[in-house]
Amino acid sequence: MNVFVSVKDLSKRYTSKTGLIEILNNLSFDIHNGEFVAIMGTSGAGKTTLLNIVGTLDDEYSGSVTLFSNKLEQTSADIKQKMRLHKIGFVYQGFYLIPFLTALNNVLIPRLFNNEIIEEYDEKKAKAVTLLEQVGLKSYLGKYPNQMSYGERQRVAIARSLINNPQLVLADEPTGNLDSATSKEVITLLKDICKNQNTAIMMVTHDANMAAFADKTFILENGQIEKREN
Ligand SMILES: Nc1ncnc2c1ncn2[C@@H]1O[C@H](COP(=O)(O)OP(=O)(O)O)[C@@H](O)[C@H]1O
Ligand SMILES: [Mg+2]
């Protein structure tokens, strides 16, 4: 097994009007290839903060974070940007689809920026079509986000997160806007596709039913994590 994410002695403080608040306090964990980890914790516990640090979006912390053998503290902004494009997929509660682009083009965009793989436009497009088929949206290629249900929008966002064959998907409350049946469908899809290609998932959720799909759950409380095998 390869370690995709290695976090050692991670601490994070924010300065507020009332002084310093410690959000993450010396926590450590590893995530391996293909592993699906759920992160639970009360609102304000620091789940998004943790995901942002692992996603290379926040470098103001102490401790060390290693992604795919790159120590982030020693990695340039330029390389981190490439890691976000090529190795990490992001999924958010609010979908963040571009409203004036079709489902197909929303999924295709990150592939168009991918210059690590030599391929023609038609091949990039075929990859986007295949992913939309995999998430059950074959007949939605030409639809715009406002013509789709929330569950369909999140499936488009999942297809987009996977378009560059990431090694890690970071999902922040991906089912927060979905009903429970749709949530299950969306998580099952994400899980199946990631298991197939050995992609690791770090998924923040409030919902124990969604966390149950993961291999492990990390409970974030008082800046520490408690690890549970599911
Ligand atoms: N930029 C910031 N400046 C100051 N405090 C922040 C900032 N971002 C988040 N916080 C605080 O840090 C805590 C953890 O936030 P967050 O990681 O978003 O929690 P969660 O995702 O678990 O709900 C919260 O109390 C929040 O108010
Ligand atoms: Mg959050």
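Glu152 is buried yet forms no salt bridge, and the nearest side chain of opposite charge, that of Arg155, is 4.6 Å away. The structure is a predicted model.

**Glu152 and Tyr140**

- Glu152 belongs to helix 5, which spans residues 150-162.
- When residues up to four places away in sequence are not counted, Glu152 touches Leu137 and Tyr140.
- Tyr140 also takes part in an arrangement with a charged residue: the charged end of Lys143 sits over the Tyr140 ring, 5.5 Å from the ring centre.

**Helix 3 and its cover**

- Helix 3, residues 103-112, is mostly covered, with seven of its ten residues buried.
- The buried residues of helix 3 are Ala103, Leu104, Asn106, Val107, Leu108, Pro110 and Arg111.
- The cover over these buried residues includes helix 2 (77-86), helix 4 and helix 5.

**Val129 in helix 4**

- Val129 is part of helix 4, which runs over residues 121-134.
- Leaving aside neighbours within four places in sequence, Val129 is in contact with Leu104 and Leu141; Leu104 is one of the buried residues of helix 3.
- Val129 and Ile39 are 90 residues apart along the chain, and their C-alpha atoms are separated by 31 Å.

**Aromatic pairs**

- The structure contains five aromatic pairs.
- In the pair formed by Tyr92 and Tyr96, the ring centres are 5.4 Å apart and the planes meet at 55°, so the pair is classed as tilted.
- Tyr92 is partly exposed, at a relative accessible area of 26%, whereas Tyr96 counts as exposed, at 57% relative accessibility.
- Tyr92 and Tyr96 form one aromatic cluster together with Phe90.

Note on methods
Residues numbered from 1 in each chain as written. Chains lettered and ligands numbered in written order. Predicted model: local features only at pLDDT ≥ 70, side-chain atom pairs only at ≥ 80, totals over all residues. Heavy atoms only, no water. Helix = DSSP H or I, 4+ residues; strand = E, 2+ residues; numbered from the N terminus. Buried < 20%, exposed > 50% of the residue type's maximum accessible area, 1.4 Å probe, protein only. Lys, Arg positive; Asp, Glu negative; His and termini not counted. Salt bridge = Lys/Arg side-chain N within 4 Å of Asp/Glu carboxyl O. Contact = heavy atoms within 4.5 Å. Phe/Tyr/Trp six-rings, centres within 6.5 Å; stacked < 30°, edge-to-face > 60°. Lys NZ or Arg CZ within 6 Å of the ring centre and 35° of its normal.
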